[in-house]
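Hi,

Here is the structure I promised to send over.

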Amino acid sequence: QVQLVESGGGSVQAGGSLRLSCVASGYDYSGYCMGWFRQAPGKEREGVAAIYTGAGSTYYADSVKGRFTISHDKAKNTVYLQMNSLTPEDTAMYYCAAGAIKGRLDPITTLGPQQYNNWGQGTQVTVSS
């Protein structure tokens, strides 16, 4: 059974940090794109960060560039999202996803939710001011 399970969410004050984890089981996602997405109430799901597990190349939304870091531990089949300098605008449900994206990899292709077909259940991140 293919599963993506997120953890690490919680409540922090502005300026704080959180580290999200996404453990993949039941499938080897080597050579896939793994992405982190978020969705706030009343808003569309948006791509935050993505990593191509083959070459390790990373992609970020402008809103998180310099504050968030995505990484991949192949041995643990786990993707992480280190989030620093959090602001209330980062409050959302965060989802991990996996997708076999073909063709050119860039922030547009790797951060588009429609490119991914396997999703986790999400972990809530709440940042208070």
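To start with the hairpin: how many residues sit between β7 and β8, and which residue in the turn has a positive phi? There are 4 residues between the two strands, and the one with the positive phi, about 50°, is Asn-77.

Before the rest, a word on the source. This is a predicted model, so local features need pLDDT of at least 70 and side-chain atom pairs count only at pLDDT 80 or more, while totals for chains, interfaces and linings use all residues. Residues are numbered from 1 along each chain as its sequence is written, and side-chain values use heavy atoms, with hydrogens and water left out.

**Overall picture**

The protein chain has 1 helix and 11 strands (helices are DSSP runs of H or I with at least four residues, strands are runs of E with at least two, and both are numbered from the N terminus). In sequence order that gives β-β-β-β-β-β-β-β-β-α-β-β.

The radius of gyration of the protein chain is 14 Å, which agrees with the value near 14 Å for a compact globule of 129 residues (it is taken over C-alpha atoms, and the globule rule is 2.2 Å times the number of residues to the power 0.38). Along the principal axes, the C-alpha atoms fill a box of roughly 40 × 30 × 25 Å.

Of the 129 residues, 44% count as buried (buried is under 20% relative accessible area, exposed is over 50%, and partly exposed is in between, with a 1.4 Å probe and protein chains only). The protein chain exposes about 6500 Å², and carbon and sulfur atoms supply 47% of that (areas are from the Shrake-Rupley method with a 1.4 Å probe; for residues, only the protein chains shown count as cover).

As for contacts (heavy atoms within 4.5 Å), take those between residues at least 6 apart in sequence: 60% of them join residues at least 24 apart.

On charges, the mean positions of the 10 positive and 9 negative ones are 4 Å apart. Lys and Arg count as positive and Asp and Glu as negative, with His and the chain ends not counted; each charge is placed at NZ of Lys, CZ of Arg, CG of Asp or CD of Glu.

**β9 and its partners**

β9 (92-99) is worth a look. It is largely enclosed by the rest of the structure, because 7 of its 8 residues are buried. Which strands pair with β9? β4 does so in the antiparallel sense over 7 bridges (pairing takes at least two DSSP bridges between two strands), and there Phe-37 has Tyr-95 of β9 as its bridge partner. Strand β11 (residues 123-128) is also antiparallel to β9, over 3 bridges, with Ala-92 bridged to Val-125.

Gly-35 belongs to β4 (residues 33-39). Gly-35 is buried, at a relative accessible area of 1%. Not counting residues up to four places away in sequence, Gly-35 touches Ala-49, Ala-50, Tyr-95, Cys-96, Ala-97 and Tyr-116. Pro-113 is 78 residues from Gly-35 in sequence, with 8.7 Å between the C-alpha atoms.

Asn-117 lies in the loop between α1 (107-110) and β10, and counts as exposed at 57% relative accessibility. Leaving aside neighbours within four places in sequence, Asn-117 contacts Ala-98 and Gly-99. Gly-15 is 102 residues from Asn-117 in sequence and 33 Å from it in space, C-alpha to C-alpha.

**Back to the hairpin, and positive phi**

β7 (68-73) and β8 (78-83) pair in the antiparallel sense over 6 bridges, with Ser-71 opposite Tyr-80. Asn-77, in the loop between them, has its positive phi although it is not a glycine. Is Asn-77 buried or exposed? Asn-77 counts as buried, with a relative accessible area of 18%.

Ser-85 also has a positive phi without being a glycine, near 50°. Ser-85 sits in the loop between β8 and β9, and is partly exposed at 41% relative accessibility.

Cheers
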